[in-house]
Amino acid sequence: MKQAAPAIGQVRSVEKLALAFKGRELPLDGAELIIGRSSKCDVVLDSVLVSRRHARILILQGRVLVEDMGSRNGVFLNSRQVESAMEMSVGDFLVVGDQQFQLVLARKSSLPPPRSSEIEAPRSVSEPDVGTRSASAFELLAGVVDKALTAGRGEEAERLLSGHIRRVMAEVQRGVRQPANVSAQAAGYAIKLARANNKPSWLDFAVQLYSELGQPMSLQLVDELYEAVRRVDGCRSEAVREYVAMLRLQVSRLSPAERFVLERLESLERLMAMKRR
């Protein structure tokens, strides 16, 4: 009697499984597969968002498990963060840093796991690549982080996002241009973290980021700052004062909308000063 084909999420033999990645398949034909930035890993990813030893795929008694190896930016299985070993099924998506894999039934043409030169460009990352990777990181983590913030798990959201947000600041300070949406996302999430964890330092971060950029922030971000200042204890006005002073020097070049933003920031500075009294 002919046996039925395995359903999605079920397999008869681990040897038939592979990780699909960038148009090729990486066969799971051993006991484990280590993914990371180190040249000693089985799959080497040349990405600033990937730790040296980031994730491990284990094959145990016909089951495929994934573990986070203490990475800085986490491992996600179908948008859920991997905190302990989680079982993978055919069709599942795995996110390591800013790279996405899918567990699939392997074709006969599957190739051995590639080395770093076959996956990514050399490690001298061009400026557009940095901004693109930052944008990808925010997009990949947005759903998980937003759910954590909604559920009141501010510390979890901070742990997931803080490295990405600070990386944007570091790149700006190095003179690497960032897409406008990346800067706005970094500042916006910093403000959300300030509110969620009652940490005024994240408000300073959002303001300092735009000071480093030498640009007016959007009116939406200023409005979010207002709401945060009303809720967060211990806010200081120094960062806003310095930012306002910088924008005043550019006032002749500001558009009417940007001048309105400056006026709102001046009012915000006064509000923060009053709260300190």
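Serine 71 counts as buried, at 14% relative accessibility; buried means under 20% relative accessible area, exposed over 50% and partly exposed in between, with a 1.4 Å probe and protein chains only. The model is predicted, so local features need pLDDT of at least 70 and side-chain atom pairs count only at pLDDT 80 or more, while totals for chains, interfaces and linings use all residues. Residues are numbered from 1 along each chain as its sequence is written, and side-chain values use heavy atoms, leaving out hydrogens and water.

**The chain as a whole**

The chain has eight helices and 11 strands. Helices (H or I, at least four residues) and strands (E, at least two) are DSSP runs, numbered from the N terminus. Of the 277 residues of the chain, 46% count as buried. The chain exposes about 14500 Å², and carbon and sulfur atoms supply 48% of this area; accessible areas come from the Shrake-Rupley method with a 1.4 Å probe, and for residues only the protein chains shown count as cover.

Contact means heavy atoms within 4.5 Å, and the contacts given leave aside residues up to four places away in sequence.

| Residue | Loop | Relative accessible area | Contacts |
|---|---|---|---|
| Serine 71 | between strand 6 (63-68) and strand 7 (75-77) | 14% | Ser51 and His54 |
| Serine 237 | between helix 6 (219-231) and helix 7 (238-248) | 6% | Glu269, Met272 and Ala273 |

The side chains of serine 71 and histidine 54 are joined by a polar contact of 3.2 Å. A polar contact is a pair of N or O atoms within 3.5 Å; within protein, one must be able to donate a hydrogen and the other to accept it, and residues adjacent in sequence count only if both atoms are side-chain atoms. Between the C-alpha atoms of serine 71 and arginine 53 there are 7.0 Å, although these residues are 18 apart along the chain.

**Helix 5**

Helix 5 covers residues 200-213, which makes 14 residues. From its first C-alpha to its last, helix 5 reaches 20 Å, close to the 20 Å expected at 1.5 Å a residue; the expected span is 1.5 Å times one less than the number of residues. Trp202, Leu203, Asp204, Phe205, Ala206, Val207, Leu209 and Tyr210 are buried in helix 5. Their cover includes helix 3 (154-173), helix 4 (180-197), helix 6 and helix 7. After helix 5 comes glycine 214, with a positive phi near 70°.
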